[in-house]
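Please look over the sequence and the structure below before reading on.

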Amino acid sequence: MTPLTAEEKLKLLINFGNEISTEVRLEALLDKIAHKITAMLNCDRCIIYLLDKKKHHLWSTISKGKGLEHSEIKIPLKAKHIISDAVKERKTINISAKKYDLSLTMNIDLVTEYKTKNLLLVPITNEKGNVLGVFHVSNKVDGNDFDKDDEGILQLLGTMASNYIQISKLYENLRLSQLETIYRLAVTAEFRDQEDTPVHLKHISIISFLLAKELKLSKSRAEDIKHASPLHDIGKVAIPDKILLKPGRLTNDEFEIMKEHTKYGNKILDGAHSRFLRTAQKICLYHHEKFDGSGYPFGLKGDKIPVEAKIVSVADVFDALCMKRHYKPAWAPEDAFKFIQEKSGKDFDPKVAKAFEKVYKKIRPLYNNEEDSSLLEEFSFVSTLPISQ
Ligand SMILES: [Fe+2]
Ligand SMILES: [Fe+2]
């Protein structure tokens with residue numbers, strides 16, 4: 001990578017605000033910022049730490065560069081560490097290669113298999129002077145040390161980025177609280193008849209999301225399915241207790257009433273403004289349709305069934321089979337997986353059943369309580385829900 005000319009740097013600075021202002025998702029925003037910084041400063045690593053005020057630590061929210069692909073670094077604020085010092089003392093720290101003491105970042109270098117030669121730390125502060133985090137860049141590609149220009153650029157980027165970071169954090173909080181509200185709503189709908197509902201809903205959400213990604217649906221559609229899928233049975237709120245809670249088999253007439261939960265769900269969500277609630281409406285109405293046309297409420301076939309519903313159908317059936325119910329024991333995940341494959345082309349769209357082969361490998365540990373934290377990050381609030389065991 002050749003160093004940028006002054007003119008190119010100026011161009012990048014001018015475009016910086018415009019480009020990052022289009023991104024409201026925190027991770028994507030920081031990713032863009034980190035990319036810009038490595039280009040502008042011509043360095044091989046940029047880590048952005050954000051301050052978690054509640055937990056009193058800094059955590060590497062986004063990292064670009066060698067050795068950082070899957071690393072998350074946490075540094076307690078009270079620790080004696082060069083990164084936390086930059087935040088506590090709100091100062092820019094620029095250490096040249098000559099003066100660099102390897103012990104300063106030894107722990108980070110070890111974990112990320114990297115050798116810091118020189119570094120520049122610049123706190124990210126908002127307009128009130130509160131510190132939001134810190135930029136940590138290291139090793140200029142041309143072997144030079146970071147100079148006063150680099151310090152100035154990074155300070156300027158910090159000031160420009162702080163507003164957008166705050167906005168996207170607010171957006172993120174809003175999104176998470178929206179997700180939590182939906183979950184609690186979905187739990188309410190299923191609260192009467194199932195004891196493991198929050199876990200079931202969480203699994204459906206994860207499986208549906210991974211299926212959507214495997215089927216190459218767009219990112220926003222996959223996100224919509226993730227948030228909408230827990231609402232698939234919201235229509236059950238309108239099913240009378242004597243049918244919903246009946247311990248034995250339903251009579252034909254009772255089953256006809258039970259089937260109506262799909263239409264009730266559709267009605268509850270009718271006219272929704274938000275995109276993912278409209279997705280939820282589709283899922284509610286069609287999640288019991290079957291690929292061969294033998295499902296309900298309309299007996300739709302194949303491509304007439306929206307893909308969102310076909311995805312949730314696989315996720316719902318698989319997870320329900322793996323769960324213990326008062327009328328059946330829990331199936332082994334391997335048997336439930338086989339069942340899905342056997343019903344490919346009958347109950348399930350073969351494309352979705354095929355995609356489930358790959359997804360199954362990823363989610364299998366969930367059923368041994370070996371939860372993959374990267375899958376569950378967004379679902380931490382589930383443990384606070386009632387009966388979430
Ligand atoms: Fe259902
Ligand atoms: Fe379900």
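What follows takes up the metal site and then the salt bridges.

This is a predicted model, in which local features need pLDDT of at least 70, side-chain atom pairs count only at pLDDT 80 or more, and totals for chains, interfaces and linings use all residues. Residues are numbered from 1 along each chain as its sequence is written, chains are lettered from A and ligands numbered from 1 in the order in which they are written, and side-chain values use heavy atoms, with hydrogens and water left out.

Begin at the iron ion (ligand 2). Its protein donors are His200 through NE2, His232 through NE2 and Asp316 through OD, at 2.3 to 2.6 Å. Donors here are N, O and S atoms within 2.8 Å of the metal (3.2 Å for Na, K and Ca); water is not among the atoms, so sites may look incomplete. Along the sequence, the spacing of these donor residues is H-x31-H-x83-D. The two histidines, 32 residues apart, link distant parts of the chain: His200 belongs to helix H6 (residues 197-214), while His232 sits in the loop between helix H7 (219-228) and helix H8 (241-244). Helices are DSSP runs (H or I, at least four residues), numbered from the N terminus. The iron ion (ligand 1) lies 5.6 Å from the iron ion (ligand 2).

Are these histidines buried or exposed? His200 is buried, with 2% relative accessibility, and His232 is buried at 0%. Buried means under 20% relative accessible area, exposed over 50%, and partly exposed in between (1.4 Å probe, protein chains only).

Now turn to the charged side chains. Side chains of opposite charge can pair when their charged atoms come close. A salt bridge is counted when a side-chain nitrogen of Lys or Arg is within 4 Å of a carboxyl oxygen of Asp or Glu. The whole structure holds 20 salt bridges.

One of them joins Glu23 to Arg25, at 3.3 Å from N to O. Glu23 is buried at 14%, whereas Arg25 is partly exposed at 35%. Another joins Glu254 to Lys246, with an N to O distance of 2.7 Å. Glu254 is buried at 19%, and Lys246 is partly exposed at 24%.

Lys282 and Glu308 also form a salt bridge, their closest N and O atoms being 3.5 Å apart. This pair links distant parts of the chain, 26 residues apart: Lys282 is in helix H11 (residues 275-286) and Glu308 in helix H12 (residues 307-322). Lys282 is partly exposed at 34%, while Glu308 is buried at 4%. Together with Arg221, Lys282 and Glu308 are linked in a network of salt bridges.
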